[in-house]
Amino acid sequence: MARPTTTFTCTACGAGHARWSGRCDACGAWNTIQEEAPLSAGPAGRSLGARRGAAIALTDLATEEAPPPRTCTGLAELDRVLGGGLVPSSAVLVGGDPGIGKSTLLLQAAARFAGAGLKTLYVSGEEASAQVRMRAQRLGLENAPVRLAAATGLRDILTTLDTERPDLVIIDSIQTMWSDTIDSAPGSVAQVRAAAHELTGYAKRRGASVILVGHVTKDGQIAGPRVVEHMVDCVLYFEGERGHQFRILRSVKNRFGPADEIGVFEMTGRGLAEVANPSALFLAGRGAPAPGSVVFAGIEGTRPLLVEVQALVAPTPHAQPRRAVVGWDGARLAMILAVLEARCAIPFAGFDVYLNVAGGLRISEPAADLAVAAALLSAREDVALAPETVVFGEISLSGALRPVGQTENRLKEARKLGFTSAILPSDDKTGGQSGLSLTRMGDLTAFVGDVFGA
Ligand code: TYD
Ligand code: MG
């Protein structure tokens, strides 16, 4: 077996050296070279420790230099989802269905990051450089100082990274990358994992950030972005309905900021545009108050968001009535229907039920329970709710209404958009200063009686 030659590594730049010296001639840093036990020194697990794994006291860390600041793109919707800008040396995964707009978003982000002073390299494994350039032209970004590379081989990419030394690398997409040390097809779990591991590892060693694009795949042939979620600091999903212009960037994991934050974009002919006031957008085209339509005052991440919940309840000729849901949880709908039936004696057995969250948004907050119940009742009784009213509250299995968080924020947003009244759980004592006329309800039965006179 060949004797390993590299046993000293610079902790600043990761360069290998044959012997110790006071200064790393690769990056010029002083006193950063440390001895590393070569991996081939013995059977795995027996070789004694690399210096980098050594433990130090948490309190000692505080005295070290403060980390460099986050970089903002100036696209507020993106910066917020990242937790307030891109953290240096972080790994971010952006997942989404093919064709949803990931490449568009990241090319725009690349131009912004480059403009903010990060040396940015965009590696496309799917499109040739000329195609990326054409897209950039369409987006009006052809003069952005972004470096481009079209490659899929990991070895080529690592070599490029070595010469380019970017601060930010965007890999579009992780499923097209392949390593020749792994004996399986590009897109397989082993390849995707290995590529993500190599790229994030390399970037972190060099103090660069890396953004990996991952297609959400429907068939089992190609590994999806989930297989690398645990390897990255921040996981964002880019969602939206094909027929709609709105796109939502949602953080599902973020080591440096709040999860569940969303950014709202609109796909235009010249790329993605920020939507600064999403409530207005989601409520646009609502028209006159109609039975089955209820406005829910929700919170997505740290931001209030008003959305319209629509229900249709129609008599069915079938023994098995249909329950169809778009934008909400089907199991939660079944629960609300069961509570209405058991606690308020309002049966839905002979009816098909359709529930839709307008605008292509997906909501997961239990606070939407009351809005859903209101929409269902309003549709079933064919009675429209009072106009300019927002609704929120969680429903428990007993039929009681439970208070939810951030009432003040919900009401403030409602007032901003011209709503005049709100229906909310009575245990919630906050919100008195909102300027809205508040109707507080203790349980679902009271709600049914008061609002629908049933
Ligand atoms: P793309 O970013 O290629 O999707 P992904 O990388 O997630 O697969 O986006 C493709 C769609 O976006 C395509 O249907 C065309 C549309 N699009 C616009 O509507 N406007 C634009 O300016 C651009 C670049 C794309
Ligand atoms: Mg793409």
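In what order do the strands of the open 7-stranded sheet run? Keep that in mind as you click around this predicted model.

**Stop one: the sheet.** Select β15, β16, β14, β13, β17, β20 and β21, and you have the answer: that is their order across the open sheet, and the pairing is mixed. Now look at the two ends. β15 (323–326) and β21 (437–441) are the edge strands; each has a single partner, so one side of each has no neighbour in the sheet. Going from one strand to the next, the twist averages 25°.

**Stop two: one pair of strands.** Strands of a sheet pair through backbone hydrogen bonds, in either a parallel or an antiparallel way. Which sense do β14 and β16 use? Pick residues 303–315 for β14 and 351–357 for β16: they pair in the antiparallel sense, over 7 bridges. To zoom in on one spot, select L312, then its bridge partner in β16, Y354.

**Stop four: helix α3.** Jump to residues 102–115, a helix of 14 residues. From its first C-alpha to its last it reaches 20 Å, close to the 20 Å expected at 1.5 Å a residue. Is α3 mostly covered or mostly open? Mostly covered: 12 of its 14 residues are buried. Among them are K102, L105, L106, L107, R112 and F113, if you'd like some to highlight. Finish just after α3 by selecting G117, where phi is positive, at about 105°.

Definitions and conventions
Residues are numbered from 1 along each chain as its sequence is written. Chains are lettered from A and ligands numbered from 1 in the order in which they are written. This is a predicted model: local features need pLDDT of at least 70, side-chain atom pairs count only at pLDDT 80 or more; totals for chains, interfaces and linings use all residues. Two strands pair if DSSP finds at least two bridges between them. Helices (H or I, at least four residues) and strands (E, at least two) are DSSP runs, numbered from the N terminus. Axes are lines fitted to C-alpha atoms, for helices over the stretch in contact, and angles run from 0 to 180 degrees between N-to-C directions. The expected span of a helix is 1.5 Å times one less than its number of residues. A residue is buried if 20 or more other C-beta atoms lie within 10 Å of its own, exposed if 12 or fewer, and partly exposed in between; C-beta atoms are placed from the backbone.
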